[in-house]
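Welcome, and please load the model in your viewer. We will go from stop to stop, with something to select at each one.

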Amino acid sequence: MKETAFGPVLDNVLEGIGKTPMVKVSNIDAGPCELFLKLESNNPGGSIKDRIGLAMIEEAEKSGKLKPGGTIVEATAGNTGLALALIAAQKGYRLIIVVPDKMAQEKIFHLKAFGADVRLTRSDVGKGHPEYYQDVAQRIAEETGAFYVNQFGNPANPKAHETTTGPEIWAQMGEDMHALVAGVGSGGTITGLSRFFEKAAPHVEIILADPEGSILADYVNTGQKPNAVGSWLVEGIGEDFIPDICDLSRVKRAYAVTDRESFEAARELLRREGVLAGSSSGTILAAALKYCRAQSEKKRVVAFVCDRGDKYLSKMFNDFWMYDQGFLKRPPKGDLTDLIS
Ligand code: PMP
């Protein structure tokens with residue numbers, strides 16, 4: 001890689017993972033606070049998951065779990081799959097992705113376009129069932145000797161955020177910030193950042209943004225794990241269990257955000273700030289704004305844009321989908337003015 005005054009010249013696209021820019025929110029009211037967004041959507045695979053994909057593969061190379069030309073297996077239809085597909089193709093590994101069959105076709109096509117071997121499995125069975133997608137992935141790895149990535153239990157996942165995302169944020173903020181807002185899917189981001197800030201700047205508050213229906217916000221706010229689990233449409237964050245690698249002990253405050261609030265925030269982010277972000281970024285922005293607007297003095301706050309919004313164009317950015325879901329009011333019959341204005 002060669003650094004120039006106009007940006008780096010990369011030897012390989014993988015060198016473009018990390019060192020993502022930040023943008024200050026300037027047209028949305030953040031109360032007395034300054035709110036900054038770390039644009040993880042600028043990673044080559046389009047999401048924050050590029051960092052952990054690379055870290056988990058490099059760790060397996062070092063430990064000998066992954067040999068040159070070997071096979072990688074993971075159970076995911078989300079951004080981790082896309083990150084692994086990008087990295088596996090560049091590094092010459094075979095990749096098997098096990099995907100529950102309810103997943104959007106676009107995501108499956110995207111994985112296949114990268115050359116991944118996509119195995120569809122049943123969506124209607126839970127953990128412990130032999131056809132549950134994570135069990136299928138683990139079995140394939142055991143039977144073939146492939147490397148099972150297992151982002152929910154792989155310590156290289158939080159480590160990637162402790163050693164890259166955390167130091168980047170701290171330096172970009174000029175070592176002057178008060179709070180950080182993130183979501184939890186695997187928990188890698190929030191765990192790694194908690195560990196980094198515990199050492200570098202323990203005064204930085206770590207705040208969880210959670211979709212309403214997930215158990216995590218209640219767990220942070222009450223210490224109890226509720227039995228009842230709801231459902232939500234926001235993708236990539238919220239859980240009905242606490243993943244093995246997820247450490248929420250430094251998270252003292254959590255906001256539960258409805259789908260409607262998340263989608264409205266993501267749509268506002270695009271219109272007002274020009275940032276095309278995914279639905280989890282809407283949840284995180286909505287939580288960050290709640291926090292900022294409740295402050296009585298100026299605080300410097302960092303939140304995340306976790307992935308690009310392109311894959312949500314036919315969902316939350318589509319007014320008709322929003323009408324059908326009841327998130328936007330359908331205009332009176334025959335009145336299409338607000339659709340074309
Ligand atoms: N946003 C999106 C869109 C994601 O795909 C994920 C990961 N599932 C996250 C946020 C949360 O990241 P983490 O796994 O580090 O908790």
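Start by selecting Ala288: with 29 C-beta neighbours inside 10 Å, Ala288 counts as buried (20 or more other C-beta atoms within 10 Å of its own, with C-beta atoms placed from the backbone). This is a predicted model, where local features need pLDDT of at least 70 and side-chain atom pairs count only at pLDDT 80 or more, while totals for chains, interfaces and linings use all residues. Residues are numbered from 1 along each chain as its sequence is written.

Now show what Ala288 touches: leaving out residues up to four places away in sequence, the contacts are Leu35, Val181, Val301 and Ala303 (C-beta atoms, placed from the backbone, within 7 Å).

Next, colour helix H9, residues 279-293, which holds Ala288 (helices are DSSP runs of H or I with at least four residues, strands are E runs of at least two, both numbered from the N terminus). H9 lies across strands E4 (34-39), E9, E10 (205-211), E11 and E12, and runs at about 165° to E12 (axes are lines fitted to C-alpha atoms, for helices over the stretch in contact, and angles run from 0 to 180 degrees between N-to-C directions).

Then select the open sheet of 6 strands, in the order E3-E4-E12-E9-E10-E11 with mixed pairing (two strands pair if DSSP finds at least two bridges between them). E3 (22-24) and E11 (251-257) stand at its edges with a single partner strand each, so one side of each has no neighbour in the sheet.

Finally, zoom in on E9 (residues 179-182) and E12 (residues 300-305), which pair in the parallel sense over 2 bridges. Leu180 has Val302 in E12 as its bridge partner.

Technical notes. Buried ≥ 20, exposed ≤ 12 C-beta atoms within 10 Å, placed from the backbone. Contact = placed C-beta atoms within 7 Å.
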